[in-house]
Amino acid sequence: MKEIYLAGGCFWGTEHYFKQIEGVMNTEVGFANGQTENPTYKEVYTDQTGYAETVHVVYDEQVVGLEFLLNMFFKAIDPTSLNKQGHDEGTRYRTGVYYTSEDQLPIIEKVFAEQQALLSQPIAVEKVPLKNFYTAEEYHQDYLDKNPDGYCHLPTALFEFARKAKDKK
């Protein structure tokens with residue numbers, strides 16, 4: 001199994017989106033790359049901790065590759081928006097790709113370059129090593145499964161798209 005940490009705005013929808021993709025074995029929402037220890041949602045919400053709402057994605061590389069997952073990530077975000085996705089604003093909603101292994105960097109760089117070529121504005125997505133990650137409170141985990149009518153900045157059609165998408169490895 002491999003892992004990647006993806007910040008795509010509100011983590012409820014981002015997690016639900018990635019859970020639909022074949023080969024994603026586990027997801028967990030939490031807070032990445034901030035300055036405090038064991039932050040709570042309430043603390044992160046103040047935008048004073050430096051954390052981004054992030055989804056830890058564990059995937060089976062025999063079924064789905066990092067390049068495919070990153071391209072799917074770009075379909076679920078506005079990559080040119082700084083600290084804002086949908087109606088959610090603040091540094092906690094910034095977008096980012098946080099890697100855990102240097103061997104992931106060439107793939108990340110390739111996808112970023114390909115995505116940038118499609119855009120007229122610069123990409124505002126962070127791509128940095130994972131510094132730290134703290135799991136969010138239980139009520140945030142699988143939030144949209146527990147609350148099907150809960151708030152989500154992503155359109156529901158995107159979840160169906162993710163369910164149908166297959167990595168042609």
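**A tour from His 16 to the aromatic rings**

Select His 16 to begin, and show the residues that it touches: leaving aside residues up to four places away in sequence, these are Leu 144, Asp 145 and Phe 159. Keep in mind along the way that the model on your screen is predicted. His 16 belongs to helix α1, which covers residues 11-19, and because its relative accessibility is 14%, under the 20% limit, this residue counts as buried.

Since Phe 11 lies in helix α1 and Phe 31 in strand β2 (residues 24-32), the pair ties together parts that are 20 residues apart in sequence. Phe 11 counts as buried, at 1% relative accessibility, and Phe 31 is buried too, with a relative accessible area of 0%.

Now select Tyr 17 and Phe 18, where the ring centres are 5.2 Å apart and the planes stand at 85 degrees, so the pair is edge-to-face. Both of these residues, Tyr 17 and Phe 18, are buried.

What sits over the ring of Tyr 45? Select Arg 92, and you will find its charged end there, 3.9 Å from the centre of the Tyr 45 ring.

Terms used
Residues numbered from 1 in each chain as written. Predicted model: local features only at pLDDT ≥ 70, side-chain atom pairs only at ≥ 80, totals over all residues. Heavy atoms only, no water. Helix = DSSP H or I, 4+ residues; strand = E, 2+ residues; numbered from the N terminus. Buried < 20%, exposed > 50% of the residue type's maximum accessible area, 1.4 Å probe, protein only. Contact = heavy atoms within 4.5 Å. Phe/Tyr/Trp six-rings, centres within 6.5 Å; stacked < 30°, edge-to-face > 60°. Lys NZ or Arg CZ within 6 Å of the ring centre and 35° of its normal.
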